[in-house]
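The following briefing describes side-chain interactions in a single protein model. Please consult the sequence and the structure alongside the text.

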Amino acid sequence: MAKGFVKNAKRFDPYKNFKFRLVWDGKPVMGISKVSALKRTTEVVKHRDGGDNSTDHKSPGRTSYDAITVERGLTHDPEFEAWANKVHPYSGDSAMDLAAYKKDLTLEMMNEKGHVVYRYFLYDCWVSEYTAIPELNANANAVAIETMKIELEGWDRDKDTKEPNEADDVPQG
C-alpha cells in the first residue's frame, strides 16, 4: 500500500500546516501567521443533445481563483500598507500606482525541519481589502493583527519542488 512518501518511507504522518512563508519582491514577508487556502472553482456548463433530452451533459466553463487572506502581527514593517496604498491611497485617484499594483507572490510550505515541500506561484496579485488596525479591546489579551485580502488571477504548483530527504540539512536562504 502506497504511503505518500518516497524518499522518506519511514514517515507515516502528512505534513503539518504551521510552517510556511509568503515571498514577494524576492523576500519573505515578516511575521505572517495565517494564509487562507488556495482554491479555484470551475463553473459547470450543462447542455443536452437534441435526441437525448432526459440527460444533462456537463463540461467545464470559466475558472475563477478565490482571493487569499493573509494575517500578520502588527509591527513597524510598512510593506502591507505600502502595497495596499498602490491600489487606492487616501490622496485619491491621481496617486494610484496602476503600473505596479500587481505582483507575483510565492507561497512555500515547509516540513517540520524547515525543508520546502510545496511551492506555489501566485500570479497577478493585488490588494482588495486591508485592515491596518484590528478592533482594539482593553479587556483582551491578544496580538494586534493586520490583514489583507489578496486577489489573484491564477496559481501553479512548482513541479521542480520535489520531496526533500528529511535527513539532509536545511538549505540556507
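Because the model is predicted, local features need pLDDT of at least 70 and side-chain atom pairs count only at pLDDT 80 or more, while totals for chains, interfaces and linings use all residues. Residues are numbered from 1 along each chain as its sequence is written, and side-chain values use heavy atoms, with hydrogens and water left out.

**Salt bridges**

- The structure holds 13 salt bridges.
- Arg72, at 0% relative accessibility, also meets Asp77 in a salt bridge (3.0 Å, N to O).
- Asp77 is partly exposed, its relative accessible area being 21%.
- Lys149 and Glu129 are joined by a salt bridge of 3.7 Å, N to O; because Lys149 belongs to strand β9 and Glu129 to strand β8, the pair ties together parts 20 residues apart in sequence.
- One network, joined by salt bridges that share partners, contains Arg21, Glu108, Arg119 and Asp158.

**Lys103 and its surroundings**

- Lys103 lies in strand β7 (residues 103–110) and is buried, with a relative accessible area of 12%.
- Its side chain makes a polar contact of 2.9 Å with the side chain of Asp25. A polar contact is a pair of N or O atoms within 3.5 Å; within protein, one must be able to donate a hydrogen and the other to accept it, and residues adjacent in sequence count only if both atoms are side-chain atoms.
- Asp25 is found in the loop between β1 and β2 (27–28), and its C-alpha atom is separated by 8.0 Å from that of Lys103, 78 residues apart along the chain.
- The charged end of Lys103 sits over the ring of Trp83, 4.9 Å from its centre; this requires NZ of Lys or CZ of Arg within 6 Å of the ring centre and within 35 degrees of the ring normal.
- The charged end of Arg72 likewise sits over a ring, that of Phe80, 4.2 Å from its centre.

**Aromatic pairs and nonpolar core**

- Rings of Phe, Tyr and Trp (its six-membered ring) pair if their centres lie within 6.5 Å, with planes under 30 degrees apart counted as stacked, over 60 as edge-to-face and the rest as tilted; by this rule the count comes to five aromatic pairs.
- Tyr120 and Trp155 form an edge-to-face pair, 5.6 Å centre to centre with 80° between the planes.
- Trp24, Phe80 and Trp83 form one aromatic cluster.
- The largest nonpolar core has 19 residues, of which Trp24, Val70, Trp83, Leu105, Met148 and Ile150 touch the most other members. Such a core is a set of buried Ala, Val, Leu, Ile, Met, Phe, Trp, Tyr and Cys residues joined through side-chain atoms within 4.5 Å.

Methods:
Helix = DSSP H or I, 4+ residues; strand = E, 2+ residues; numbered from the N terminus. Buried < 20%, exposed > 50% of the residue type's maximum accessible area, 1.4 Å probe, protein only. Salt bridge = Lys/Arg side-chain N within 4 Å of Asp/Glu carboxyl O.
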